[in-house]
Amino acid sequence: MKRLSILLLLMSSVLFAQNKYSISGTITDQSSGETLFGATVFIKNSTIGSTSNEYGFYSITAPEGNYTLIISYLGFEDISKEIVLDSDQSLDFELFESSNQLNEVVLQTEDSEDINLRKPQMSVSKLNVATIKQMPAVLGEIDIIKSIQLLPGVTNNGEGSSGFNVRGGSVDQNLVLLDETIIYNTSHLLGFFSIFNSDAIKDIKLYKGNIPARFGGRASSVLDVRQKDGNNKNFALTGGIGSVSTRLAVEGPIVKDRSSFLVAGRGSYAHLFLKLSEELKDNSAYFYDLNLKANYQLNENNQLFLSGYFGRDVFTLNENFNSSYGNSSGNLRWNHVFNDKIFSNLSVNYSKYDYQLEINAFEFDWLSQIDNYNLKYALSYYVNNDIKLDFGINGIHYLFNPGIISPTTETSGVNYLKLDQKRAFEGGLYIGAEHRISPKLSLQYGLRYSNFARMGGQEIVQYENDQPVVYNEQLDIYERGKPIGTIDYKKGELIEGFGNLEPRLAFAYELNERSSIKAGYSRVAQYIHLISNTTSVTPLDVWAPSGSYIEPQLSNQYALGYFKKLKNNQYSIEIEAYYKDIENRIDYIDGSDLIGNNTIETEILNGESRAYGLEFLLRKTKGSFTGWLAYTLSKSEQRTPGGNAGGPGINDGNWYYNPYDRTHDLSFTGVYRLNKKWSFSANVIYQTGRPVTYPTGQYEYEGLSIGSYSDRNADRLPAYHRIDVSAILVPGKPNRKWKGEWVFGIYNIYNRRNAASISFSQNRETGLNEATRIAIFGIVPSVTYNFKF
């Protein structure tokens, strides 16, 4: 009996000691009330901790006891709070900006200082806008897209090209989100600038691989960009006046500490200088955009957000050619906290991209666009300190309008033509988990089920032998298949359906307090495709859904990495190897005609692609000199056999370099803060030239000189390299209310004429063949004045 009493006493003590309680709340910036994404909350001298989510919410669970809670975020002062944990608690924290925050380059591959080595998420980079503003930029225009291209594994097709490429993927394989809405074109002025106004942006996070289960729909990467919520403490004015554009952002409280707004506008005015030239006075090229956001906290558990983006580019050439293109988006979001463990987000959003073209010489207009409506519901369940679950559902309705051609006069030789509208629905259901197995081993795993329905409302052409493309053996070319009829699908009728399971898995094993290894696998299905046979994406390219003749792209990516911190976290090294293969990658037959084509399936073949490489990143994040060195060694290829069309395929069915291959990609970014007034920065960039196809000879046919070409992408442009520098001057004595700075920059300081393309032609006077290099930029100086009030 005595032994039984002792045993019961011990059991009750153990049960009492195992009582666990939760601490949850929101972390914000004290000066503006902005929520902080990725702030760290942990219990001192323990492994118990968490990071705030995209909306600033956190939750941790610990046994009953007395603790010291540490809250930290790079660029802000840490908070240390003593707590007595004897019940569930709700604690919100406001962090103060660090006085020496400008001494740190805020590039993060993880979200915290002490826990990041244990987190299984890899192939992820988070950029802070304060860092981007210190980098040299072309014409002084701060550019988020060009900034991420300084990271390992991220490139583009050179100056004047739109979008970005991740690990050998194409532009359309990137899912770009602005406040959860899909952005289809990220560029202004054909790629010279991006659509993101730095004064309106709060967070940028790029997933190059190991994509969480909550994301889907693109084969290569996710760029998640979040707008500011607006200052709910005080009214603030931010802006800048540069060489080619100006910007202004206004934010402030609607109801102090409860509701706020943000309005940010930007516009270029370089076209005004064209009016001074007699030769160019009838030409024009400019852009403008507008960011809007408002939020209202209903109570401590409910908050509403409404945001929007509207942008436009306009071009005019001698009043004979006019074009414009742009994105429009809007999002209504409701955040709800059920309790200290469950957080939810419901969003309804709309996005549109359209392109308009008017050619007065031929008296016709062209209009094409893509619209989508997106409904998404997501929940996060903080089961305990070791397990966090994310699950949700979403549905996207697409409307594709490939083109409408309209005559502008009665005498126009162009007939009215409306290409078939296409409709589709994409759905997704997912569950994901972050699971700490032991103090050294953590897992991230999940499963997403996606489905895609190509809906009716159009006629589908049928082809002989079900071949929209056939191989002509006599001419050794691919050509259009023979139509034998059509099937008329009514609205709401299913044309074709697809479904895919997309597993995601990653782990991290901590070797010691300073190093860890990580590995990951992700499978992603992509159901919509950008139809473009140009080396650089143009606004005239159109999007097309999967269907009877276009299969979904299926991507498998594997990654393995080693991560290490050095010298009291002043330095860090990250090394990642990856391999990615993609099924059903679209390729184009020689001489494909894509513009105004109602049967695009007659110009394409389904192939496969693969990319593999090694990425290296060395960072220094503390001290007067900060920055990073990034290097990528990689290979990206495509193979397109003849398949159902017959014949040998593209390049005789052999692997060949795709346009996004860069064998070597080296970049260095450095920032040196001399004193409180002066800071200096520089970018050094080197890339292997882009693969291209050059002529290898020529022959005459009926008096015409015809070029004969090498295998596809068998040659390369010359290597791309440049150095950019900038200096930032904060004049006068610091003022509490008005803060200003001058930014002096030189883009491409040694005037390297990097080749955007090389064309071949015959000189009419001499009859000799000649090659012409086309370069976009040489040396470009700039001056910008930024201010904040």
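Which loop holds K567? In this predicted model, K567 sits in the loop that runs between β39 (553–566) and β40 (571–588). Its backbone is worth a look: phi of K567 is near 50°, a positive value in a residue other than glycine. As a reminder, most residues other than glycine have a negative phi. K567 has a relative accessibility of 62%, so with the cut-off for exposed set at over 50%, K567 counts as exposed.

N713 also has a positive phi, about 55°, and it isn't a glycine either. You'll find N713 in the loop between β48 (704–709) and β49 (715–716). Is N713 buried or exposed? Its relative accessible area is 10%, and buried means under 20%, so N713 is buried.

## The chain as a whole

Zooming out, the secondary structure of the chain comes to four helices and 54 strands. The radius of gyration is 28 Å, close to the 28 Å that the globule rule gives for 789 residues, so the chain is as compact as a globular protein of that length. If you're setting up a box, the C-alpha atoms fill one of roughly 110 × 70 × 50 Å along the principal axes.

Buried residues make up 55% of the 789 residues in the chain. As for contacts with a separation of 6 or more, 65% of them are between residues 24 or more positions apart.

In soluble globular proteins, nonpolar side chains tend to be buried together. Here, the largest nonpolar core has 71 residues, and the ones with the most contacts inside it are F164, F196, I204, L223 and Y398. There's also a second, separate core of 20 residues, with A39, I71, Y73 and F93 among them.

## Cavities

How many cavities of 30 Å³ or more does the structure hold? The count is 14.

Methods. Residues are numbered from 1 along each chain as its sequence is written. This is a predicted model: local features need pLDDT of at least 70, side-chain atom pairs count only at pLDDT 80 or more; totals for chains, interfaces and linings use all residues. Side-chain values use heavy atoms; hydrogens and water are left out. On a 1 Å grid over the protein atoms alone, a cavity is a set of points where a 1.4 Å probe fits but cannot get out, and a pocket is an open set with protein on both sides within 12 Å along at least five of seven lines; lining residues have an atom within 4 Å of a point. Grid points are joined across faces, edges and corners, and a volume is the space filled by probe spheres set on the points. A nonpolar core is a set of buried Ala, Val, Leu, Ile, Met, Phe, Trp, Tyr and Cys residues joined through side-chain atoms within 4.5 Å. Buried means under 20% relative accessible area, exposed over 50%, partly exposed in between (1.4 Å probe, protein chains only). Helices (H or I, at least four residues) and strands (E, at least two) are DSSP runs, numbered from the N terminus. The radius of gyration is taken over C-alpha atoms; the globule rule is 2.2 Å times the number of residues to the power 0.38. Contact means heavy atoms within 4.5 Å.
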